Each structure stands twice: as C-alpha cells, then as structure tokens.
Amino acid sequence: MTTSKNELLLIIDFGSQVTQLIARRLRELKVYCEIHPCQNINPEFLISKQPKAIVLSGGPGSVTDAEFLKPPVAIYSLGIPILGICYGQQVMTSQLGGIVEQENIREFGRAEVFSSNEASNLTIFKNLFTDGSEVVWMSHGDRVISLPVGFKGIAHSANSPFAVIADLSKHFYGIQFHPEVYHTVNGAQFLENFVRIAGFSFDWTMRQFKDEIAKKLRDQVGNEKIICALSGGVDSSVTAILLHNTFPNQVTCIFVDHGLLRKNEAQEVSQIFKQHFNIPFIEVNASKQFLSRLKGVSEPESKRKIIGSAFIDIFNNEAEKLRDHKFLAQGTLYPDVIESVSHSGGPSETIKSHHNVGGLPLDIPFKLVEPLRELFKDEVRLLGHELGLPKEFIRRHPFPGPGLAIRCIGEVTQYRLDLLRRVDAIFLDQINLFGLYDDIWQAFAVLLPVNTVGVMGDSRTYENVCALRAVTSVDGMTANYYPFSHEFLSQTANRVVNEVVGINRVTYDITSKPPGTIEWE
C-alpha cells in the first residue's frame, strides 16, 4: 500500500518484538509507514517503494557474529534520512566502517542519556535534553566504540559512549535506546523530530488506512466469497464490517459458540449483531465438540492448538454447505502475531500461540484474510469508529479467541467453566457498578487448579481459588495492574465467596506485563 502523495517511511525489521511500536508511534504522528523484514530488502525493492526515509529497527542479533542480518548498502546511497535504533544503530555503524563490541556490562531497562554541548542546536533534539539528559529505555548487550567517518557522538549513557550518533550532512542518525516504547519518556518527540527532518506532511489518517486496506483486500480476494470468523468482540466485528463494506455480497459471518464464552455472551452477540448489521449470519453451537476435544488437556499451548483446529473444522463444514467460500477472515491483531510468530519471519521469540495465528493447523483449507494484522487495539477502535460501529462494540474489553479455556488453568470441564463464568460476571458487574469499565483495558477472572481450606458457617470447606485480573494499557504490548481500592476488592471478594458455591478464596493479580502476560495462559 502507498499513499496518494507517496510519502512512505520504510521500517526495515531485524526481528525485534517492538518493531511494530515504531510504526504505531509514526501513525500517531499521521506518517504513513510500512514494515518489511530485512531479508526482503534489495535494490529493486527500494526502487519500487521509493521511501522518503528509513528506520532500521532493533533486533535480537549481534553484528559481532560471523553472520548477521544487514540491509543492502544501497540504502546509504539513496540520499534520504536514516534512523538506526539499537541493533539498527549498530548495523549502520558496522556497515559504514565503525566498530561495535560486546559489552561486559549490559543495559536493560531504564537509563539516563546525557547530551553533548552542541546537542541543543540540533533539529533532531528539538524540545529534548532541556536539562541536559533524557530518561530512556535500553535493551542491548553490544555497543558502538568507534564511529564511521563523518559521524559525531552527541549523547552518551553510563555504559554507552555513543548512545546517540549522527552524520549531520547526510541525516544519518543512530540511537542506542528505543524511542518507540513508552518507557522512553520523550521518545515520541524524538521520532517526530526525525520525520520533520525528512519532510513528511503529517497528513496520513485512519480514513486513508481504511481506503488503502480496502484496495488491498480487493486485490487479494477479487470475486471470491469469504467466511468471516465472528466472535462478537471489537476485532472480529470491525473485520466483518470492513469486509462487508468492501464486498457487499461476498461475506458470510459464522459465529461459533464454543462453550467457552462468558455468561450470556452467545445470546448477546447474536442479538446485537443481527440488530445492527445486514450481513448473512450463521450461529453454530459447538460447545460439546470443543469440550470433548479439550477433555484431559491441561497444557496451555495444547489447548490453544486444539481450539484453533476445532474452529477450522467447523468453518470447513460450514463452507461445504455454503459452497465456494475460499477465504477465511479473522480479526488477528499485531500483538497476537508478535506473541505467536515472528512478524518478519526472523528470529523473534514465540511467547504463546494465539489460536488464530500459531494455533492454526498447517493444512488449513482456506486462504486467510487478516486486514487488521498490523494494527493495535486502540487503532482498531479508531477504525471501528470510522466504519460507524456502535459504541457498545467499540468500547468492549478484549476477549481471547480461546475464551475461558485459557482462564481455566488446568483441565477444562463444564463444572469449572460454570464456576468461572459466575465469578467473571460478578467481577465485571462490580467494575460497572463502580464506573470503572472505560478506565480499564481488560478485566477477567481466572480459576486456579488449587483448593484451599476455608470456614463457612462454622464448617470446614476445601474449595477452589480464583484470581482477579485487571490491567491498564495503551497497545497491549505492556500493561500495569489496575489499582482498585480496598473497598472495591473487599466488596468483590465478599460477593464471590457468598454467591458462587465452590469458591472460598479470592486473590488479585498485581503482575505487570512484562514480566507476565495479560492472560495467564
């Protein structure tokens, strides 16, 4: 995809798990960008794309290795600004004649970067280093120790003598920290300064994305028919409406009640969707099929893959009835992709398989359509607003495709699911009663495979333990626990143990992401 003005910022990906955050920050600035893996970049590609600027991402590799990922040297002859971030700084340094070495002392997490005297006069540092330093986020084990010809060191940290370098005449910049993550306090300002140097117009919008993705979908799908996997959440609903607007007579939505939904959710999704949208809609009750396949399974990855496989079997059966539906559309988002597989096909670490990404079987009989694959949740909500979705769809908290199966730690049984549903419903009801729903990114209950001793009515109990989880986040990549009041937690715990027979202990999860993930499995 390209914009009408052909103002493209090319992000060359070296396998970092936060590469997409670079694109997200740039889109917030209304700058159009595309991420492409390093392995796909060659001179012909550069000629076809004609980027206005290039960003070299971070990555898990080391330029001190015998073989390391590097872009074609042709990028340095294009006459455009280039920004190298972390590994990107190191690979640019190495390719242009500088020296990179492995550190004895690594830098991970919060750090302070100090500028040189001339930094205040540089456009790249506009509104930065006002007191001589910036708080940034580091994640590296190598460092630059000798600069290429033409470069200057303009900032340093305790363990990086060249935390920021620049060839000012060519507008080549290298930084050892990550401006794309929120832990770098003024990272967005740094990126804005870079794209201003490159001369971007700051005029790319979600409306343009909607038009561009529609064109891409028409090129991909043509006149073929599409099955859209509908869960009723924000992602699948936006996917369904986007596809229906693009292909008014080619889309059929299939809503699978896998028996792993929250209390009354199947009925609510079916009712709301039929009321608001005039799209062919098929509801399939497959709860017995899913529970049968999950019987005796406790391992999280196995659960996800079983659920992914069962979904495909159901869609295949429905497709046979519909005839000639060759595409399967899903509401896959970029955080799902990051945690499941490498976006670039490179060496990124798999965190867990999302059932609609890494959990799909290899012999899937459909061609996949995933129009939201490079978006974050908040961007999907913006797109939903652009598409005219009702507010009750747009504001809904994320809900995982595998549903309560990955919140029911251990084996999934009907009894344990029913317990979990009742706890989850009380928790969400309390959140709404306290007026907190829109302040929270995601909230849910988890049933633990643990029983504890309790006392109820002067009698001993030995019953289940549940955990409550609520987080705040911007993009799902990082998250903090929500700081409920003691009054809220006390009231909620009392309601759970009094209203849900089978639960005698309630805990609250205060783990951030990282080190934890938002979901427990």
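Predicted model: local features only at pLDDT ≥ 70, side-chain atom pairs only at ≥ 80, totals over all residues.
A residue is called buried when its relative accessible area is under 20%, and by this cut-off Cys 86 is buried, because its relative accessibility is 4%. Cys 86 is found in the loop that runs between strand S4 (82–85) and helix H3 (87–95), and its phi is positive, at about 55°, although it is not a glycine. Most residues other than glycine have a negative phi. A positive phi also occurs at Asn 127, where the value is about 65°, and this residue is placed in the loop between strand S5 (99–115) and strand S6 (133–146). Asn 127 is exposed, because its relative accessible area is 52%.

The cysteines were then examined for covalent pairing. A disulfide is a covalent bond between the sulfur atoms of two cysteines. With a cut-off of 2.5 Å between the sulfur atoms, the count comes to zero disulfides. For Cys 38, which takes part in no disulfide, the nearest cysteine sulfur is that of Cys 86, 15 Å away; Cys 38 is buried, with a relative accessibility of 4%. For Cys 228, likewise in no disulfide, the nearest cysteine sulfur belongs to Cys 253 and is 4.5 Å away, while Cys 228 itself is buried, with a relative accessible area of 0%.

Helix H1, which spans residues 19–28, is mostly covered, since nine of its 10 residues are buried; among them are Leu 21, Ile 22, Ala 23 and Leu 26, as well as Arg 24, Arg 25 and Arg 27. Just after H1, Lys 30 takes a positive phi of about 65°. A network of salt bridges links Arg 24, Glu 28 and Asp 378.

In helix H4 (residues 187–198), Asn 193 is buried, with a relative accessible area of 2%. The side chain of Asn 193 makes a polar contact of 2.8 Å with the side chain of Gln 189, and, when residues up to four places away in sequence are not counted, Asn 193 touches Thr 123, Ile 124, Phe 125, Lys 126 and Leu 128. Helix H4 also holds Arg 196 and Glu 192, which are four residues apart, about one turn of the helix, and whose side chains meet in a salt bridge with an N to O distance of 2.9 Å. An α-helix has 3.6 residues a turn, so residues three or four places apart point the same way. Arg 196 is partly exposed, at 46% relative accessibility.

Side chains of opposite charge can pair when their charged atoms come close, and the count of salt bridges in the model comes to 22. In one of these, the closest N and O atoms of Glu 101 and Arg 143 are 3.3 Å apart; because Glu 101 lies in strand S5 and Arg 143 in strand S6, the pair ties together parts that are 42 residues apart in sequence. Glu 101 is partly exposed, at 28% relative accessibility, and Arg 143 is partly exposed, at 24%. Another salt bridge joins Glu 224 to Lys 326, with the closest N and O atoms 3.8 Å apart. Glu 224 lies in the loop between helix H5 (206–221) and strand S10 (225–230), whereas Lys 326 lies in strand S13 (residues 325–329), so this pair ties together parts that are 102 residues apart in sequence. Glu 224 is partly exposed, with a relative accessible area of 28%, and Lys 326 is partly exposed, at 44% relative accessibility.

Terms used
Residues numbered from 1 in each chain as written. Heavy atoms only, no water. Helix = DSSP H or I, 4+ residues; strand = E, 2+ residues; numbered from the N terminus. Buried < 20%, exposed > 50% of the residue type's maximum accessible area, 1.4 Å probe, protein only. Polar contact = N/O pair within 3.5 Å; in protein donor to acceptor, adjacent residues only side chain to side chain. Contact = heavy atoms within 4.5 Å. Salt bridge = Lys/Arg side-chain N within 4 Å of Asp/Glu carboxyl O.
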